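Colleague: I've just opened this one and could use a guided tour. Can we go through it together, one question at a time?

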Amino acid sequence: MKYKYLPYLLLVPVFTMIIVVVFIPLVTTIIYSFQSYRLTNTEEKANFIGLDNYVALFQDDRFISSLLTSLIYIAGSVIGMLILALITAQLANQAFKGRSLFRATILLPWAVAPVVAAQAWKFMFETDFGIINHILKSLGLIEKNIPWLVSSDHAMMSVILTNVWKTTPLLTLIIISGLQTISKELYESADIDGASPWKKYYHITLPLIRPFIAMGGLIFTTLQTINVIDIIYVMTGGGPGEATEIFTLYNYKVFFQYLDFGLGGAMAVIGVTVIGILIYLYSRNMNKQMDT
């Protein structure tokens, strides 16, 4: 009896934490999404209104705009991370003196807290005194300072660059682990056939690390990008206007600034549903790639 039930007893604390931290808040949020629940209006509290919150959201231009902004933010971040991670991972996988130091340096951005990283980049993007404008002017690339964070034309680029710098180390580590699984005999056979470095990378390296790219680039980095609002919150607050207000940041404002738990709950349910669908599609695509 002791050995039969002990493993289950050891799992009780973990499952209890999952129920308290994840399951109960999720169920409560779903219940809120069908209610008119505003802390700013005590008379209108916990009244069942059906799907009215969901209908109101899809009639809200700001909500639709936040979804489109999220797509731009995710696409720009993931593409930037993927390109930079492929380059840094390939370099870190080569044998050279100081490789350990190079790998440790790659991890530094990931070790920095998101709020600290966002504040540092905010200082660097500052219009009048930021070092980025100073460097660009010194190189003769610009004639006048660029208002990176207060211009709708540049704000999204600024937060994407910051997010790429902060999150790329995670994807780099995943790709390095994929590179370590490739047998050297494949490259030796390609050398005998006279394959160029580019052909070896395109026909050997890239296909074999594709599952790692799918797992890291499409699942982990997408979830990291859409769920973590620290960078945008600190750097722009969603502005100028609503130029960088992604879906999760708008959801946060509805919950904790506007104190509308009904509308915020509906937004959270939609967000969880969309993320779940994306994870399912990514996982199915990754399984197909691994089977082939």
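Colleague: Leaving aside neighbours within four places in sequence, which residues is Asn163 in contact with?
Modeller: One note before that: this is a predicted model, where local features need pLDDT of at least 70, side-chain atom pairs count only at pLDDT 80 or more, and totals for chains, interfaces and linings use all residues. Residues are numbered from 1 along each chain as its sequence is written, and side-chain values use heavy atoms, with hydrogens and water left out. Contact here means heavy atoms within 4.5 Å. With neighbours up to four places away set aside, the partners of Asn163 are Tyr73, Ser77, Met81, Thr168, Thr225 and Ile231.

Colleague: Is Asn163 buried or exposed?
Modeller: Asn163 is found in helix H7; helices (H or I, at least four residues) and strands (E, at least two) are DSSP runs, numbered from the N terminus. Buried means under 20% relative accessible area, exposed over 50%, and partly exposed in between, with a 1.4 Å probe and protein chains only. The relative accessible area of Asn163 is 3%, so Asn163 is buried.

Colleague: Which side chain makes a polar contact with the side chain of Asn163?
Modeller: A polar contact is a pair of N or O atoms within 3.5 Å; within protein, one must be able to donate a hydrogen and the other to accept it, and residues adjacent in sequence count only if both atoms are side-chain atoms. For Asn163 the distance is 3.1 Å, and the partner is the side chain of Ser77.

Colleague: At roughly what angle do the axes of H3 and H11 cross?
Modeller: Arg62, Phe63, Ser66, Leu67 and Ser70 in H3 meet Phe247, Tyr250 and Lys253 in H11. Axes are lines fitted to C-alpha atoms, for helices over the stretch in contact, and angles run from 0 to 180 degrees between N-to-C directions. The two axes come within 7 Å, and they cross at roughly 140°.

Colleague: What separates the C-alpha atoms of Gln90 and Leu179?
Modeller: Gln90 sits in helix H3 and touches Leu179, Tyr201 and Thr205, not counting residues up to four places away in sequence. Gln90 and Leu179 are 89 residues apart along the chain, and their C-alpha atoms are separated by 8.0 Å.

Colleague: Which peptide bond is cis, with omega near -5°?
Modeller: Most peptide bonds are trans. For this one, look at Pro240, in the loop between H10 and H11. The cis bond runs from Gly239 to Pro240.

Colleague: What about Leu259: which phi does it have?
Modeller: Leu259 lies in the loop between H11 and H12 (261-291), and counts as partly exposed at 27% relative accessibility. Most residues other than glycine have a negative phi. Leu259 is not a glycine, yet its phi is positive, about 55°.
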